[in-house]
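Thanks for coming. I will take a few local features in turn, so please have the viewer open.

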Amino acid sequence: MQTDLFAAPAGTPAGTPAGGAPLSPECAALTPVQDTGKTLVKRDDLFALHGSCGGKLRLMISLLARAPGGIAAGGRRSTSAPALAAACRALGRPGVFHTAAGPDTIECDAAADAVEIKRHSPGYSGVIAARARADSAARGWPVIGLECPEYVSMTAAQCANLPWGNFNRIVIAAGTAMTLAGILHGLGPRRYRVLCIEVGAPVAARLGRWAPPWWRELVTIQPSGLRYDASPPDCNFMGVDLDPLYEAKTIRHLQAGDLLWVVGKRPVAVR
């Protein structure tokens, strides 16, 4: 995989994801970097709309704007449900979220007024993904997921306002690691160490597919040490409320001189 795989073609307007139409001014805007006095924090969670926030919401809005409706799939705690719902509310489009059967969650509850929630048993990820693909074929709507070049290029573009030279290391909590793949492309020729706190399934294979070929030279992957659905006792870092299942698990690893990349927050943390 080439390091410029997700570069836009020559002459493409700024704010255009690879292979796509120009982003709206809101989606193309750079989210701020906050100085906490100990670390820097890239606040991608401040891209917010209708109760959802972050890079996943940016992708949902951008891709749904080109389609009559949208489909997403994920676990019952996935923030894809509220992100799709927020995009549907903003654009007046219908949507469907495919997930596993089981008790209600705040994530699905936050989406239920704007998208149809389809629950499947058995709730294996392969089953859910297959049901989403079949639904997509039947409706003619795209399945919007993070494992796509648009998400990587949008994330890489968010690196443009990082204060290079003012931090020593990037720290990120990774579920799919697609945000990390985008950050690594956004580094360009720069080489910053990265600590990846793995909060779920192993991410190395996906980084191998989407990150630059030299990613192993920079990235240290460390399991969070907690179950996916468990949160640490304190989810606030230097006045910044963090997602309890993702970024809060990085707090004990943060050091002076780090830059923490906040991907987003689930509805419970947005309120």
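Let me start with a question: which residue in β13 is the bridge partner of Leu 40? The partner is Leu 259. Keep in mind that this is a predicted model.

Now the strands around that pair. Strand β2 covers residues 40-43, and β13 covers residues 258-262. The two run parallel, joined by 4 bridges. β2 also pairs with strand β1, residues 33-35, this time in the antiparallel sense and over 3 bridges. There, Leu 40 has Asp 35 opposite. β1 and β2 make a hairpin, with 4 residues between them. In that turn, Gly 37 has a positive phi of about 95°.

As for the side chains of β2, Leu 40 and Lys 42 point one way, Val 41 and Arg 43 the other. All of these are buried, the lysine and the arginine included.

Next, helix α3, residues 80-91, which contains Ser 80. Is Ser 80 buried or exposed? Its relative accessibility is 9%, and the cut-off for buried is under 20%, so Ser 80 counts as buried. Leaving aside residues up to four places away in sequence, Ser 80 touches Lys 56, Met 60, Ala 72, Ala 73 and Phe 97.

Last, helix α5, residues 125-139. From first C-alpha to last, its 15 residues reach 21 Å, close to the 21 Å expected. Val 127, Ile 128, Ala 132, Asp 135 and Ser 136 are buried in α5. What do the buried residues of α5 pack against? They pack against β5, β6 and β7. Just after the helix, Gly 140 takes a positive phi of about 80°.

Definitions and conventions
Residues numbered from 1 in each chain as written. Predicted model: local features only at pLDDT ≥ 70, side-chain atom pairs only at ≥ 80, totals over all residues. Heavy atoms only, no water. Expected span 1.5 Å × (residues − 1). Buried < 20%, exposed > 50% of the residue type's maximum accessible area, 1.4 Å probe, protein only. Contact = heavy atoms within 4.5 Å. Pairing = 2+ DSSP bridges.
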